[in-house]
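Keep the 3D view open as you read.

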Amino acid sequence: MELVTPGLGLIFWMVISFSVILFILKKFAWKPILKALKDREISIDTALKSADKAKEEMEKLKTDNEKIIKEAKNERDNLLKDARHVKDKIISEAKQKANLEAKIIIEDAKGKIESEKDAALDEIKNQVADFSIEIAEKILKKKLEKSNDQKDFIKELVDEIKIN
Amino acid sequence: MHKNFRKLCLTLIVLFAFIIIPNGFAFGNRDKEEKDSSVHTEHEKGKFDPGSFIFDHVTDSYEWHIFNIKDFHISIPLPIIVYSKESGLHSFWSSKLHHGYSDYKGFRISHTEPDEGKVVEIMEDGTELKPLDFSITKNVFAVFISLGFLLWIFISIARKYNKSKVPNGFQNAMEPIILFIRDDVAKPAIGEEKYEKYMPFLLSVFFFILINNLLGLVPIPPGGANVTGNLAVTGVLALFTLAITTINGNKYYWKEIYDAPGVPWWLKIPIPLMPIIETVGLFTKPFVLMIRLFANIAAGHIIAMGFFSLIFIFGDIIPYLGYAVSPVTLVFTVFMSVIEILVAFVQAYVFTLLSAIYFGMATNEHH
């Protein structure tokens, strides 16, 4: 029977001692322990989160960098392309200009040559005429020394005219 | 601070030793002289009585019996504190009563019903009167010791947490249990927002039950007392659960009890059947907590003692049979002890979990 009859003294001491210990443990053990555990969890959590954030930022930076590099490359390519284009243009323009110039010069030269040639031919013609006259004079002089001949010639000439 | 605490513990142990040794031994000697006359009668009268052997162990007592060498008893005497209406407050060592073989200051341990085994006051006409008994009995003392252990363990652990964030040593062993109570008992049962308020009680109850269950398996002091297998102890623990549930019960909790929604009106009016059932349920919950823990632990002790009794029962028939049975008993006892260790954890867990569930029911907002 004693097993199932709770002792009054035991209940009394149990209530008092357990209440006191509950209070003391709550204040000096459970509160600090639970607080420390929670603080630690929060600190681990924030540390992990910030690590993730840092990783994300790194990733972002990396993609940004890649983007920048890509852009720079594109820019460079464009620049090079433009430069090449400009160069080609300049060269072709220069060529065209040179050709034009050359043509003009050649044309000019041709003209000059033509006029010179004409002048030269004129001179030659004149000279040749002069020479022929001179030669003709001399020939006539020589031929007319003999009067018969002269008379014959004149007669010949007159005959020719008569026929006409 | 820590050193001081250790010093205090050491002093307590030394003090404790001073109390046991002179009292225990002196008392043992006296006991021997006195009992010499009764030795014969006892040996003739009684073969071994397993019933009283077991119940002497499982129930409370005024002294902490350690062992006998023949008739030489070694036990720790404990203070008896009684308040009598006739003669006021008395306190004396239980060694003065010599295991109930002699009277002291008009008090003795009763040998007759209804107060058998209790300290009673002897009236002038020879009748026995039961005084108010506030003695530091074996179980009270064991409660004090276990609570002392709890204080020592957890205050020193708390101090470690203040020192460094990295747990070490014994802290490492306790932390998973504390986290288990928090994350797998309190949080699911009570809810994320409110569980914190109940954590100190849940942790205290869990470790109090656990440490007493485990100490109960240790055969030598400070273990060996059947604290959690005592109705008064489990009753007080259940009373705490009831008190906390009742104090913290919100309007939904009380509505659920006195005007449960979804219940047909004729179960409430004219005979308030449901409210009556629910009100009874209010008390059966902690009552079941009390009985479950008590019965589990007491049964464990009784079975272990039963196995040991086998040795003496067989030894009483033929002495050599006793020796023959003892290895079997040993195997059984080891087996039982292993189960009891499991039971120690399971019962502490169950009590804590159910308390947490009751708190959760009392504070639940969703209906």
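Chain B has an open sheet of three strands, ordered β5-β6-β7, with antiparallel pairing. At its edges sit β5 (107-109) and β7 (128-129) of chain B, each pairing on one side only. Strands here are DSSP runs of E with at least two residues, helices are runs of H or I with at least four, and both are numbered from the N terminus. Two strands pair if DSSP finds at least two bridges between them.

β5(B) and β6 (residues 119-122) of chain B pair in the antiparallel sense over three bridges. Phe107(B), for instance, has Glu121(B) in β6(B) as its bridge partner.

## How to read the model

This is a predicted model, where local features need pLDDT of at least 70 and side-chain atom pairs count only at pLDDT 80 or more, while totals for chains, interfaces and linings use all residues. Residues are numbered from 1 along each chain as its sequence is written, and chains are lettered from A and ligands numbered from 1 in the order in which they are written.

Chain A comes to two helices and zero strands. Its radius of gyration (taken over C-alpha atoms) is 65 Å, well over the 15 Å that the globule rule gives for 164 residues, so chain A is more spread out than a compact globule. That rule is 2.2 Å times the number of residues to the power 0.38. Along its principal axes, the C-alpha trace of chain A spans about 205 × 30 × 15 Å.
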